[in-house]
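Me: I'd like to learn how to read salt bridges and annotated spans in a structure. Could you walk me through one?
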Amino acid sequence: APGLLRRMRDVLEAASDGSTRVVAAAVGQRRPRCLTLEVDIKAWTARYGHAERRQGGHQARRGAVLLLRTRDLFSLPFPLTRPVVASLSLQAALRGWRLLLLPAAFPLAPRPPPSPHGQWRAQSTLERQRRALLELLGLKLEVLPDGSRRWHGCDKDTPRCFGTVLAQTPEYLLAGRWTPPCCLRALRATARHVLAQLEAAGVRHWLEGGSLLGAVRLGDIIPWDYDVDVGLYRDDVPKCRWLAAAAAAGRPVEDPQGFVWEKAAEGEFYRVHFSRANRLHVDLWPFYARAGAVMTKDTWLGHRQDVEFPERFLLPLGTVAFAGVVAKAPNDPRGFLELKFGPGAIESPEYPNPAVRRL
């Protein structure tokens, strides 16, 4: 259809807004399904949405013809990575390019139906290419138009997405990114499990440090945090069967849900991992009251929030929303956080080591 190709070229060259870099025409008479696409590299996430309401329940077309300038195509970091349409769409969305869909269409050439085996092979190849593409672009999560999620990151059977944390600064912060969403999902699941176990056992506990800061700011984990901190009364440790078992065994103990409880090697505190393979974790800090009703502990790792505090913050305990549940917290969260982090800590977010990486 040379006439339509020329028209596409003319439309592309006449585009005056500067952001229209791709012109498309459908193949066949039904109009293609159009989606919006937002790529958030910092959050490792691609979000799709419906760009228009479709009529009559038509299925997606077999394809479309795309026209763009050679210099635009080869300005992309991965111009010919397959599957080409998904690759081009994701990279174009990152650059703010717009696609103009013409009302005209190319004729649909008849094709013999593929065999079941051929269809399976084609689908398997496409899925393999998509996984490789998303790994190349560093995308861990796709949010589909109906709100469902397609995960491509870590889970209970795989290691977490980042290595050893140095100077309180995980490697993804140095790359200008936040905690991968799959890691945050694992942290939330671990935190909810640990809080439920402590509550059921009657252990007096509360959110500590950056986890309390995230709860007060967002009702959730801070987007760049990599663990969860919970304080508890040292005298209550024996009440929790898993803490008691880890202390008695001197080695990690796995509970029926696959979470791993252990005595930390770094000092007098405990750690609960998402699984044996995935070491995303909740740290449990045993505190006790010394003279003058001041809460202290036996291990200090030099973190900013590692300070003693009056027991009055815990008498009685309060509550705060956190990671989808109601969690125990100091009764004056603002006062508690400003004692630990300084005035204005809630309103002034910063990375854990500002000297290394600033917002």
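Reply: Happy to! Keep in mind that this model is predicted. Let's begin with the record: the unreviewed UniProt entry annotates residues 200-237 as "domain: LicD/FKTN/FKRP nucleotidyltransferase".

Me: How far apart are the end C-alpha atoms of residues 200-237?
Reply: They lie 13 Å apart, and the span is 32% helix and 24% strand.

Me: Now the charged pairs. How many salt bridges does the structure hold?
Reply: There are 20 salt bridges. The test is a side-chain nitrogen of Lys or Arg within 4 Å of a carboxyl oxygen of Asp or Glu. K263 and E268 pass, with their closest N and O atoms 3.4 Å apart.

Me: Which parts of the chain does the salt bridge between R290 and E308 link?
Reply: In this pair the closest N and O atoms are 2.9 Å apart. R290 sits in strand β13 and E308 in the loop between β14 and β15, so the bridge links distant parts of the chain, 18 residues apart. R290 is partly exposed at 39%, as is E308 at 32%.

Me: And where do R304 and E350 lie?
Reply: Their side chains meet in a salt bridge at 2.7 Å, N to O. R304 is in the loop between β14 and β15, while E350 is in the segment after α9, 46 residues apart.

Me: Which residues are joined into one network by shared partners?
Reply: R130, E142 and R150 are joined that way.

Terms used. Residues are numbered from 1 along each chain as its sequence is written. This is a predicted model: local features need pLDDT of at least 70, side-chain atom pairs count only at pLDDT 80 or more; totals for chains, interfaces and linings use all residues. Side-chain values use heavy atoms; hydrogens and water are left out. UniProt positions are given in the numbering used here, feature names are shortened, and annotations may be inferred rather than shown by experiment. Helices (H or I, at least four residues) and strands (E, at least two) are DSSP runs, numbered from the N terminus. Buried means under 20% relative accessible area, exposed over 50%, partly exposed in between (1.4 Å probe, protein chains only).
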